[in-house]
Amino acid sequence: MNLIEDLTTNPGITRALPEAITDTLLMVSVSGLFTLAIGLPLGIFLYTSAPGGLRPMPVTNRIVSDIIVNITRSIPFAILMISLIPLARVITGSSIGPLAACVSLTIGTVPFFARLVETALRDVNSGKIDAALVMGSTRMQIVSKVLVPEALPGLVAALTTTLVTLVGYSAMAGLTGGGGLGQLAYNYGFQRFDTLVMLVTIVLMVILVQAIQWIGDGVSRRVDHRSAATAGRKARRHEPKAAV
């Protein structure tokens, strides 16, 4: 009874928690959408412009890969987030709040997602690409009809991993005024020594991560035609043979 009473009377839970959940979901969804829109084409470009790719561009690929992607990935997110506050003010008109935090969240996760996309595309069987080239398919057709559909399970898994990373980054963004569960845990759980708020925040973060991972794994299995074909072969193998 004491726990229930504490949950219903604690202002950090009854007043601040709903807004914090909304801000966290806003940051993860908006940043995830922009990360997908920017990171997917960037990852495709890294794959196709690499030496031996569909359109080799060694110099441009090296510039984008080493200078833009690798340097951005090597900067710790806390430092990147603080350094991007002026840019967030220019884009969103404010340096605090969930929308302002989406700027640093997007820039911080786009290179990470692009690398995962590049890795997923590398796992596509090169024989299917060669067959499409022999049939006279254009580069755009190969990308849209062969590469992306064949790598779709890996791309879904990459997006799932990126969204889970965004949940952790959103908690860090709360320390600089981004809002969300991270700011709630810092303001109430740390500064006010409210253990209950801290525990509730941790539980909600775990539930959110588990939900994203569960949904992502389910979608990845559903779009994986290879696992469906394997399951079909196993089912036919175990079918009873007809009597002679």
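Reader: What makes the pair formed by the backbone oxygen of Phe-45 and the side chain of Ser-49 a polar contact?

Author: A polar contact is a pair of N or O atoms within 3.5 Å; within protein, one must be able to donate a hydrogen and the other to accept it, and residues adjacent in sequence count only if both atoms are side-chain atoms. The backbone oxygen of Phe-45 lies 2.5 Å from a polar atom of the Ser-49 side chain, so the pair falls within the limit. This is a predicted model, in which local features need pLDDT of at least 70 and side-chain atom pairs pLDDT 80 or more, while totals for chains, interfaces and linings use all residues. Residues are numbered from 1 along each chain as its sequence is written, and side-chain values use heavy atoms, without hydrogens and water.

Reader: Why is Ser-49 called buried?

Author: Its relative accessibility is 1%, and buried means under 20% relative accessible area (exposed is over 50%, partly exposed in between; 1.4 Å probe, protein chains only). Ser-49 therefore counts as buried. Of the protein's 244 residues, 38% count as buried.

Reader: Which residues is Ser-49 in contact with, leaving aside neighbours within four places in sequence?

Author: Contact means heavy atoms within 4.5 Å. Ser-49 has such contacts with Arg-55, Pro-56, Met-57, Pro-58 and Asn-61.

Reader: How do you know that Ser-49 lies in a loop?

Author: Helices (H or I, at least four residues) and strands (E, at least two) are DSSP runs, numbered from the N terminus. Ser-49 lies between two of the helices, α3 (16–48) and α4 (58–74). The protein has 13 helices and zero strands.
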